[in-house]
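Please look at the sequence and the structure together before reading on.

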Amino acid sequence: KQWYQRRVRGVKNGEFKLIAEGEEFKPLWSQHWVKVIIPANVCTMENLYLHWDVSGAESLVCDKDGNAIQGMSHKRKELKVVSKSHDEDLVYFIQVSCTGLFGAGLNGMINPPNPNQTYCLKKAHLFVRDQAKYEVFMDLSVLYDIAKESDDKTSLCYDALYTANDMINVITLNNHSAESYQQAIRIGRSTKAHDGNADMDDHVIEYAVYP
């Protein structure tokens, strides 16, 4: 913690140039600091996120005092923006390391690195997440995985499939209204697949029929 605080103190008053999507970071193994300023009036928005993607490079987001907030990579590209003050601009310092999560091997992490490797800033923007749609997406993802990984003869698998179908139907038949997404969330959260009790019910029935 103290090490990053010292690093941020050393760069926060330095000179920064404006960059945009498409900016390249190089050479391999180098580190770069990016200063992100979010206006105070924007920080008041609910469910505000920063989308940050440097083509697979590792990044670490720090606040203006040098406290590490969250690591970013090709597996985690979104940061929820939380401001403690509505009167001041929110400032982040992002350290970009020109390496991947497990090194920089060419076409595989155990291979020698490509000395000419560069990392491109593919995405750097703010967006407001529609929380209801996001929750429906996550619930459908979970139900899909349950159906995919479960024995297709169990009630758990069928329950996941029918629940996902009901969720999609209620949204489609109501023209994707805001209330339809809330209904879909309630349908998803009321299923046995959501609380994990379906397999237990299967065994109870099996033992009752075949003592």
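A residue is called buried when its relative accessible area is under 20%, exposed when it is over 50%, and partly exposed in between, with a 1.4 Å probe and protein chains only. Because its relative accessibility is 12%, serine 97 counts as buried. The model is a predicted one, in which local features need pLDDT of at least 70 and side-chain atom pairs count only at pLDDT 80 or more, while totals for chains, interfaces and linings use all residues. Residues are numbered from 1 along each chain as its sequence is written, and side-chain values use heavy atoms, with hydrogens and water left out.

Serine 97 belongs to strand 7 (residues 90–97). Helices (H or I, at least four residues) and strands (E, at least two) are DSSP runs, numbered from the N terminus. Leaving aside residues up to four places away in sequence, serine 97 touches Ser30, Gln31, Ala57 and Glu58; contact means heavy atoms within 4.5 Å.

The protein chain as a whole contains seven helices and nine strands. Of its 211 residues, 34% count as buried. Among the contacts in the protein chain with a separation of 6 or more, 71% are between residues 24 or more positions apart.

Strands of a sheet pair through backbone hydrogen bonds, either parallel or antiparallel. Here two strands are said to pair if DSSP finds at least two bridges between them. Strand 3 (residues 48–53) is joined to strand 6 in the antiparallel sense over three bridges, and leucine 50 has leucine 79 in strand 6 as its bridge partner.

How do two of the helices lie against each other? The axes of helix 3 (residues 131–149) and helix 4 (residues 155–173) come within 8 Å and cross at roughly 150°. Axes are lines fitted to C-alpha atoms, for helices over the stretch in contact, and angles run from 0 to 180 degrees between N-to-C directions. Helix 3 is therefore roughly antiparallel to helix 4, a description used for angles over 145 degrees, whereas those under 35 count as roughly parallel, 65 to 115 as roughly perpendicular and the rest as oblique. Residues of helix 3 in this contact include Val136 and Leu140, and those of helix 4 include Leu156 and Met167.
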